[in-house]
Amino acid sequence: AAAAGDFDPYRVLGVGRSSSQADIKKAYKRLAREWHPDKNKDPGAEDKFIQISKAYEILSNEEKRANFDRYGDAGESQGYSQHQHRQFHHFHDGFYFDESFFHFPFNSERRDSSDEKYLLHFSHYINEIVPDSFKKPYLIKITSDWCFSCIHIEPVWKEVAQELEALGVGIGVVHAGYERRLAHHLGAHSTPSLLGLINGKITFFHNAVIRENLRQFVENLLPGNLVEKVRSNKNYIHFLSNWKKENKPHVLLFDHMPVVPLLYKLTAFAYRDYLSFGYVYVGLRGTEELSSQYNINVYTPTMMIFKEHIDKPADVVQAREMKKQLIDDFLSQNKFLMVARLTSQRLFQELCPVKKSHRQRKHCVVLLTGEGEKFAEAYETFLAFAVANTKDTLKFVHIYNDRQPEFADALLMDEEKYRGKSAVVILERRNNAGKIAYKTLEEAWQGSNEDNFILLDLLDQLRTDPGLLSSETVLADLNDELAPMFLIRWLYSMLDYISDSWDSLFHSNWREMMPLLSLLFSVLFILFGTVIIQAFSDSSDTRDNPPSEKEETAAKTEKNDASFSKESNRIPKKGFVEVTELTDINYNSNLVRLRPGHMNVVLILSNATKTALLQKFALEVYTFTGSSTLHFSFLSLDKHREWLEYLLEFAQDAAPIPNQYDKHFLERDYTGYVLALNGHKKYFCLFKPHRSGDEGGTLGSCEDYDSSLHTETRGKSSCSPGSRSIKNKLHKLSFWMERLLEGSLQRFYIPSWPALD
């Protein structure tokens, strides 16, 4: 127990040796909340939190706790504890294993200190590492105590970490024992694990841990189009001429390496928003003319930056060994063109920052111009003025009026003298909300010597009199001119998602794949279940509706009316309303076993009134055929009068059907009645036809009906007065249908549906 004095988990958690697991867990939660680095700003909070986590890891595990109570060591290998070590040493004085001889870092006290500066915590990872991964890739190692494989890869990891960090790669180490939340967030469920992070996207390393594989892994994380290879004179002109389209300076690196160095690729990734990069392999045939044109020493790496003029570089740097710091200093001073075009709000904020104090005033001289040869001379003279008057406190930019109309209108006030011409504005941003102070040159910018003298005089006055910017306004955010279209962004997102899914399918462990597999099997189960249910439903409908039904219906129709049978085989036209005869064959499927929520609207007719009523019925209900819950049928009064009278007689409702038991009940004419039958809930709604003397009158002629509406049993229409009187029975049926869908009609309930014999 002598070793217990070095680290006592009971003392760290403030519990006794006889404390229960509940007491230990309660003490751990209380101390973890108090000493968590995200909440406690004490300099020693992080070390204290690690001790608390380690103490809880020991005491929450009964086996480790028993080892500590017995030997003063939480290690699982009891043979190397001090008690048994003394026994083994006594047994053979000259032969025993000492942990320090092999330098095995079994716990945090003996762990290599080189990883300490790379340790990551969850809040640090989320708030700093992930945003920084959009500027440089990260190589992260997941490790833990008692990890023999971690010890095995340690020498390679040290060498590669030092080498890649010097090139600009971020290095991170996550201890899974103390940062379980972060390890789980990264998807690392075993140690050791190596992963790469770039643009917020995590990629796991799956090859052998050797130097070449790790370097190649980091290089593969980078996009493939960062550096364009310049191979000939024509290619070089095309590359440098894109400065106007891309609105970026272009960088050329001349080197004798046949492949692009990793340092250069990492630099291109870090500055990809500001610069375009090209690489010239000086040993390649065809590049001799290019090297001689710029007087390149082929034995020394040379970096050149080209801006508006491609015939000569704006800046050059040469060094036998290109170091990251040298490149960063060189590029950070040449991130923008001499007269950059304002293409986005982010670029505007970088070039024209908000003033922080009177000593840090920065003014922007903006040329508001247009595109094309008409404005070329004004732009060239403005560029020459900017090159001759470059200062730290001045930024020269230009903008296209037609691409940023709100910006131009706010500064020029749509004055007539600037219409179709260029103008120069001196402005200073006052806050991030868009407020600026500015002054516009009195006359349009022509690029003459007089214009140059006027602008130069204003800039000289501005150094001593900041009040010269007398006008103020608020600018709206600039449009992002170079942003890709939505369809392209969506396509790139889909490709990234497919790539991630493919990588996860073949490399991720099953725990990571469970959400995707669960979703996949759920979709397949739903689709398969839908097909099975639909198959059984179709087979049931087939039994209820045999193929001979339509033939039998057509035969009965032919007997009733020969004119209908002549057109029964025609293909239905647009506006076709399917009205099926309700018979004993389809009675169960169309009414008794009708699905919940569905209703069958049945027209009562006779053989004599069939043609006229069906035409009028189709016209009235056509606008309601879009509802999938409504079905339309007709019932022959000559065949099933007894069923209808039985239904009306036994309707159970507090308000009986009026005139139901008068003396002429058996002789009543039911043609034109319409029943809306709900087979599931056993009720119906009743439409009674209008008489000829009712309000609304009769229709004038048969031409008032839409000839494009037909029923399943169509026939020749009649224009006789009797036909018009029959059709008038269904007058205002459409209003009744609207009330039916609203649910405001009176319902007549029945105990059961009578048989249709």
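F336 is buried in this predicted model, with a relative accessible area of 17%. The cut-off for that label is under 20%, so F336 makes it. Y274 comes out with the label too, counting as buried at 17% relative accessibility. What do these residues have to do with each other? Searching the whole structure turns up 18 aromatic pairs. In the case of Y274 and F336, the ring centres sit 5.8 Å apart and the planes meet at 90 degrees, so this is an edge-to-face pair. Y274 belongs to the loop between α13 (262-270) and β7 (276-281), and F336 to the loop between α15 (324-332) and β10 (340-341); the pair therefore ties together parts that lie 62 residues apart in sequence.

F385 and F396 also make an edge-to-face aromatic pair, with 6.0 Å from centre to centre and 75 degrees between the planes. Here the link runs from helix α17 (residues 376-388), which holds F385, to strand β12 (residues 394-400), which holds F396, and the two residues are eleven apart. Both F385 and F396 are buried.

The largest nonpolar core has 93 residues, and M303, L331, F407 and L455 are the ones with the most contacts inside it. Take L455: setting aside neighbours within four places in sequence, L455 is in contact with V365, F382, F385, V424, I426, L441 and W445.

F407 brings helix α18 (residues 405-412) into the picture, where F407, A408, A410, L411 and L412 are buried. The buried residues of α18 pack against quite a list of elements: α16 (345-351), β11 (363-369), β12, β13, β14 (435-440) and β15 (471-474). Just after α18, M413 takes a positive phi of about 55 degrees.

Which residue of β14 is the bridge partner of E428? It is A437. E428 itself lies in strand β13 (residues 423-429), and despite being a glutamate it is buried, with a relative accessible area of 1%. The side chain of E428 is joined to that of R430 by a polar contact of 3.1 Å. Not counting residues up to four places away in sequence, E428 also touches K355, R361, K362, H363, K435, I436, A437 and L469.

Charges turn up over rings as well. The charged end of R181 sits over the ring of F122, 3.8 Å from its centre, while K244 lies over the face of Y379, at 6.0 Å from the ring centre. F122 is part of helix α7 (residues 122-132), where F122, S123, Y125 and I129 are buried. The buried residues of α7 pack against α9 (180-186), along with β1 (138-143), β3 (193-198) and β4 (201-204).

Elsewhere, I58 has its place in helix α3 (residues 45-59) and counts as buried, at 7% relative accessibility. I58 and Y10 are 48 residues apart in sequence, with their C-alpha atoms 9.7 Å apart in space.

Now for the whole chain. The protein chain has 28 helices and 21 strands, and of its 757 residues, 44% count as buried. Among contacts between residues at least 6 apart in sequence, 73% join residues at least 24 apart. The Y274 and F336 pair, with its 62 residues of separation, is one example of parts tied together across the sequence.

Note on methods. Residues are numbered from 1 along each chain as its sequence is written. This is a predicted model: local features need pLDDT of at least 70, side-chain atom pairs count only at pLDDT 80 or more; totals for chains, interfaces and linings use all residues. Side-chain values use heavy atoms; hydrogens and water are left out. Helices (H or I, at least four residues) and strands (E, at least two) are DSSP runs, numbered from the N terminus. Buried means under 20% relative accessible area, exposed over 50%, partly exposed in between (1.4 Å probe, protein chains only). Rings of Phe, Tyr and Trp (its six-membered ring) pair if their centres lie within 6.5 Å; planes under 30 degrees apart count as stacked, over 60 as edge-to-face and the rest as tilted. A charge sits over a ring if NZ of Lys or CZ of Arg is within 6 Å of the ring centre and within 35 degrees of the ring normal. A polar contact is a pair of N or O atoms within 3.5 Å; within protein, one must be able to donate a hydrogen and the other to accept it, and residues adjacent in sequence count only if both atoms are side-chain atoms. Contact means heavy atoms within 4.5 Å. A nonpolar core is a set of buried Ala, Val, Leu, Ile, Met, Phe, Trp, Tyr and Cys residues joined through side-chain atoms within 4.5 Å. Two strands pair if DSSP finds at least two bridges between them.
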